[in-house]
Amino acid sequence: MKVEFRDKDDNILTLTDFVDFDYHEAPSSNDFKTNNRILERFATDGGYEIGDGTIDPRSGNVGLTFSATNDRIYRFYANRISSFFRPEQAPFYIVDTDNQLRQKISYGGINSGYSHGQEMRFVKHEIKYIAIDPFWESITPITTTINGITNGQTFDVIVADTNPVSPNYNITVYEAYPIIAVTTLSNNVNFAVTNNTNNGSFNIVDSSFTTGQTVTVNGEDGTIKKGNVINSRILAGGRPFKLKSGTNTLLYQSALGALVNIVITHRNRYLY
């Protein structure tokens, strides 16, 4: 697996610039913990299970090994790594370039050590991080566009592995967080979108929502925008919802019967 780090502006810390590097998640790339805990019962055997079975954030590190002929070259590399993770450039991602996947991470600092040998300084850095979302997500988003949707119309959005190695090896895709942009074709003061597959929904009420305007409900960061301006007050009910793995049947409803165009963008999410 070849990896690199990227910041919010898609600037890249390319690890192949260093002489040698290795990648692993600590304690191994396959470990994760679920959000389940056991509480002991009082005055009886056994216990109670609490939690919802979701997956906790995963910690990891990337090991870098490089050589320097003098202290200045060593400091150049060490400072380059540290300065890449400036707070103003967050969020950061670790990117699997082989499979075009990424994880959103919280930068956790560096463990550093070095040794001398034959007038060279051999340096071992470990970049520590926590994967905020324990899942890997596709770098390239998947877009579903439906135009001219009428009041009461349903339509399907599919969340599935789009690039299987073969038909017998489709990788399991987990629930996705969509970005839903609704552009109205007439006055549309009160409308709702419902995912009939899992009963998630959101209801938008805005007396000034009219022809050609767009409301965007972002399931990734929880924001509601009218045009390019965040305006959470127009969310009258529900919340940004999830798309389940497989086929999701969505329902559009409008109090005034307005037609809309809807664009839904999501990224596939994988545990491995």
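The model is a predicted one.

Overall layout. Of the 272 residues in the chain, 38% are buried. I then took the contacts between residues at least 6 apart in sequence; 71% of these join residues at least 24 apart.

Salt bridges. I count eight. Glutamate 4 and arginine 6 pair at 2.8 Å, N to O, and both residues are buried. I note that Glu4, Arg6 and Asp10 are linked in a network of salt bridges.

I next checked aspartate 206 and lysine 226, whose closest N and O atoms are 2.7 Å apart in a salt bridge. Aspartate 206 sits in the loop between β15 and β16, lysine 226 in strand β17, and 20 residues separate them. Aspartate 206 has a relative accessible area of 9% and lysine 226 one of 18%; the cut-off for buried is under 20%, so aspartate 206 counts as buried, and so does lysine 226.

Loop between β19 and β20. Lysine 242 makes a salt bridge with glutamate 175 at 3.3 Å, N to O. Glutamate 175 is in the loop between β12 and β13 and lysine 242 in the one between β19 and β20, so the pair ties together parts 67 residues apart in sequence. I find glutamate 175 partly exposed at 29% and lysine 242 partly exposed at 31%.

Lysine 244 lies in the loop between β19 and β20 as well, partly exposed at 38%. Beyond its neighbours within four places in sequence, I list its contacts as Val159, Glu175, Thr197 and Asn198.

Methods:
Residues numbered from 1 in each chain as written. Predicted model: local features only at pLDDT ≥ 70, side-chain atom pairs only at ≥ 80, totals over all residues. Heavy atoms only, no water. Helix = DSSP H or I, 4+ residues; strand = E, 2+ residues; numbered from the N terminus. Buried < 20%, exposed > 50% of the residue type's maximum accessible area, 1.4 Å probe, protein only. Contact = heavy atoms within 4.5 Å. Salt bridge = Lys/Arg side-chain N within 4 Å of Asp/Glu carboxyl O.
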